[in-house]
Every structure is written in structure tokens, then in C-alpha cells.
Amino acid sequence: MSNKTKMTISDFKKFKQEGKKFSYVTAYDYTMASIINDSDVEIILVGDSLGMIMLGYKGTESVTMDDMIHHIRPVVKGAPNTWIVGDMPFGSYNVSDEEAVRNANRIIKETNCDCIKLEGGVEMLSRIQAIVRAGINVMGHIGLTPQTASSLGGFKVQGGTPESAKKLIEDAIALEKAGCFSIVLECVPSMVAKAVTEAVSIPILGIGAGPHVDCQVLVTQDMLGMYGDFKPKFVKQYAQIRKTMVEALNEFHRETLEGEFPSPEFSFNKEVDIPKLY
Ligand code: KIV
């Protein structure tokens, strides 16, 4: 059981200055959040990846504000010692600054999470500035941005040319200036991630971004071997929970068929004098 305390906004900069690494995973429900809260992992993202992992969609575009709020609330309850990030879903910040602030306010007010995350580089500056001005902590997200992956040519490594690497560095610098306290950097070559990490004084949280970033991010269901649909190259599986669960379910099924379960140990064994009615 971890004796960690929740990170503060100033810890993020301090960790970066001191070169102290930290880790970040996803959760979408109370039980998983409470398990992560018992671990040493410092941050939980309630990501719009819940569209695939929890709701069985093909992508993240159909996830709504109500879906996000429904899933962020129990995570906040389950993980009081862990920094909780609420993802802004597709369509909740692409219309206007006002609507972006309204939706960011909703996430914070209705869930009590610690910050919001939104995707995009320099094109999102006015949104980020408006949300930061409203007093809300903002985590950026550049590189592969799943909500707009089709316009990036699909789910592919980003920053693989000198021009696109330069754009990522410029995006990171601009996001820091706009007030982001940290930035997720997804699916980029390790040496590009290193350059982005060195270019800013806020932490770079890498997923598929190699070893030189400040923090490593993984989707919990991927790294525990729970999600069966596909496994990206950058995912290391630290357990095979899906296999363990299927084995346990099959054992329950076999014991049920063979009358082995429930044994007296799992039954209420009080003697009762039952009136003869039949
Ligand atoms: O929604 C999500 O899980 C994410 C991670 C891939 C960083 O945005």
C-alpha cells in the first residue's frame, strides 16, 4: 500500500527542475481508481479512450461530455491521493473559447478533478489561454492526437521529419507560454521527444515517446493485459490480467457444474427446523 500524497501544481515544475521522474495511467471507474490509489503511480487520466475501453466504440469521437463526467466522478472518489486529469472530449472545445471554458468549468465543477486535458498545438492557444484565465489547470496533448488522427494520416508516429519535429517543439513552447502546466506527447521518435522535453520547463508526459521524457504514460487496461482488441508497439504488458480473469471464470464454471462450489465454507450453515408444507 502506498503512502503517497496527492501532487500539487507546483510539484510538477519542481519534479522537472529536479529531474525526478513520475508515472501516469488511465482509469474510468471507482474500483480501478482505488487500486491505482494504492500504488505509487502519481497521476490518473480519465481519458476519452474510455470510448474504446469502456464503451466498445471504434474511436474517441463519439464520447460526450456526459460520458466523461459520468466516469470522472467515481475515479475522483476512488483515488483521493492521486492527481486526477479529466479529458475534454471531441466537440467540447472546437467551436469557441466561450464554449471551451463552459465545458472545462463543467468538468471541474461536476467532478472535482484536478485539471482538464485537451488536444492540439498552436491552433489551440486561444482555447488554452481562455481556460487558464478562468482559473483551471490545463494539460496539453500534442504529437498523435487521437481525436483528430484522421487529419494526421491515421494512428501513426508523428514528428518523423525535420519540419514536423520543429512544429512539435514550437507547439510545446507555445503551450507552455499559454499556461499549460504539463504536456502529453504521444507517439513520436525518442530523439524528437528528448528535444521537446529539453525545450520547455514544464514536464513532458510521454506515451510512445521513448525514455527521455519526464513522465511515462500508459493505458492501464493495456499495461495490465486486460484490453484484447489490439496492443500498440509501445505498450509493455506488466501482467496478463485478462488471461487470469478468463481462467478464474472457467474455474468457477467448472466448480458450478461439478457441484464443488459453494462448499460449506461459502454457505450459511445454520440448522433450521423447516415446517413440512409439501
Ligand atoms: O484518452 C487517453 O487515454 C489519452 C492517452 C492516450 C494519453 O489521451
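1. A residue counts as buried when its relative accessible area is under 20%. Keep that cut-off in hand as you look at this predicted model. Isoleucine 43 has a relative accessible area of 0%, so this residue is buried.

2. Where along the chain does isoleucine 43 lie? You will find isoleucine 43 in strand β2, which covers residues 43–46. Although tyrosine 24 is 19 residues away along the chain, its C-alpha atom and that of isoleucine 43 are separated by 4.6 Å. Setting aside residues up to four places away in sequence, isoleucine 43 touches Met7, Phe12, Phe22, Ser23, Tyr24, Val25, Thr82, Trp83 and Val85.

3. Now step back to the strands. Eight of them close into a barrel, and their order is β1-β2-β3-β4-β5-β6-β7-β8. The pairing in this barrel is parallel. On average, with direction ignored, neighbouring strands of the sheet are turned by 25° against each other.

4. How many bridges join strand β5 to strand β6? There are five, linking residues 138–143 of β5 with residues 182–186 of β6, and the two strands run parallel. Look for histidine 141, which stands opposite valine 184 in β6.

5. Helices come next. Helix α5, made of residues 97–111, lies across strands β3 (83–87) and β4 (115–117). The angle between α5 and β4 is about 135°.

6. Two helices also pack against each other: α2 (residues 30–37) and α4 (residues 65–78). Their axes are 7 Å apart and meet at an angle of about 35°, and the crossing is right-handed. From α2, the residues Tyr30, Ala33, Ser34 and Asn37 take part, and they meet Pro74, Val75, Lys77 and Gly78 of α4. By type, the residues of this contact are four nonpolar, three polar and one charged.

7. Finally, visit the segment before α1 (9–18), where serine 2 lies. Is serine 2 buried or exposed? Its relative accessibility is 17%, and the cut-off for buried is under 20%, so serine 2 counts as buried. The side chain of serine 2 reaches the backbone oxygen of serine 39 at 3.4 Å. Leaving out neighbours within four places in sequence, serine 2 is in contact with Asn37, Asp38, Ser39 and Asp40.

Definitions and conventions
Residues numbered from 1 in each chain as written. Predicted model: local features only at pLDDT ≥ 70, side-chain atom pairs only at ≥ 80, totals over all residues. Heavy atoms only, no water. Axes fitted to C-alpha atoms, helices over the stretch in contact; angles between N-to-C directions. Helix = DSSP H or I, 4+ residues; strand = E, 2+ residues; numbered from the N terminus. Left-handed = near helix turned anticlockwise from the far one by under 90°. Contact = heavy atoms within 4.5 Å. Nonpolar A, V, L, I, M, F, W, Y, C, P; charged D, E, K, R; others polar. Buried < 20%, exposed > 50% of the residue type's maximum accessible area, 1.4 Å probe, protein only. Polar contact = N/O pair within 3.5 Å; in protein donor to acceptor, adjacent residues only side chain to side chain. Pairing = 2+ DSSP bridges.
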